[in-house]
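Dear colleague,

Please find below the structure for your review. A summary of the findings follows it.

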Amino acid sequence: VQLQASGGGLVQAGGSLRLSCVASKSISSFRFMDWYRQPPGKQRELVAGLVGGGGSTYADSVKGRFTISRDSAKSTVYLQMDSLNSEDSAVYYCSVWMNGIRYWGQGTLVTVSS
């Protein structure tokens, strides 16, 4: 499975970005589809996740501001990020779980300027 993340960039505080993750397989194959992030000098953390059969989960720090969604026809998972603040600055990774294996994309950098 290959995952291609895009959509990162530099944005001012209060702004929005939408990240995309295109998968090389149908996303219906995946049990979980997640976005993680790793701020500078910190550990990677789960930001938002989708379960294959439905349902989503969010880190407390992004609830009400971020939305994870998918487009099965495009084999793409999105992360809409609104009301960004400096603490959201990080490398964002998409990740999927299939048949007991977790796969990772290459990461896309999000920088929020205050």
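Arginine 65 is found in the loop between β6 (56–58) and β7; strands here are DSSP runs (E, at least two residues), and helices would be H or I runs of at least four residues, numbered from the N terminus. This is a predicted model, in which local features need pLDDT of at least 70, side-chain atom pairs count only at pLDDT 80 or more, and totals for chains, interfaces and linings use all residues. Residues are numbered from 1 along each chain as its sequence is written, and side-chain values use heavy atoms, with hydrogens and water left out.

Leaving aside neighbours within four places in sequence, arginine 65 is in contact with Gln80, Met81, Asp82, Ser83, Leu84, Asn85 and Asp88, where contact means heavy atoms within 4.5 Å.

The structure holds five salt bridges, each defined as a side-chain nitrogen of Lys or Arg within 4 Å of a carboxyl oxygen of Asp or Glu. One of them joins the side chains of arginine 65 and aspartate 88, at 2.8 Å from N to O. This pair links distant parts of the chain, since aspartate 88 lies in the loop between β8 and β9, 23 residues apart from arginine 65. Aspartate 88 is buried, at 1% relative accessible area. Salt bridges that share partners join Arg37, Glu45, Arg65 and Asp88 into one network.

Glutamate 45 is partly exposed at 31% relative accessible area, whereas arginine 37 is buried at 4%.

A further salt bridge pairs aspartate 34 with arginine 102 (3.0 Å, N to O). Aspartate 34 belongs to strand β4 and arginine 102 to strand β10 (residues 101–104), 68 residues apart. Aspartate 34 is buried, with a relative accessible area of 7%, while arginine 102, at 25%, counts as partly exposed.

**The disulfide**

A search of the whole structure finds one disulfide, that is, a pair of cysteine sulfur atoms within 2.5 Å. It joins cysteine 21 to cysteine 94, with an S to S distance of 2.2 Å. The link is right-handed, with 60° about the S-S bond. Cysteine 21 lies in strand β3 and cysteine 94 in strand β9, so the pair ties together parts that are 73 residues apart in sequence. Cysteine 21 is buried at 3% relative accessibility, and cysteine 94 is buried at 2%.

**The nonpolar core**

The largest nonpolar core has 29 residues, of which Trp35, Phe66, Leu79, Met81 and Tyr92 touch the most other members. Such a core is a set of buried Ala, Val, Leu, Ile, Met, Phe, Trp, Tyr and Cys residues joined through side-chain atoms within 4.5 Å. β9 gives the most to this core, with five residues.

**Strand β1**

Four bridges join β1 to β3, and the two strands run antiparallel; strands pair if DSSP finds at least two bridges between them. Leucine 3 stands opposite alanine 23 in β3.

Definitions and conventions: Buried means under 20% relative accessible area, exposed over 50%, partly exposed in between (1.4 Å probe, protein chains only).
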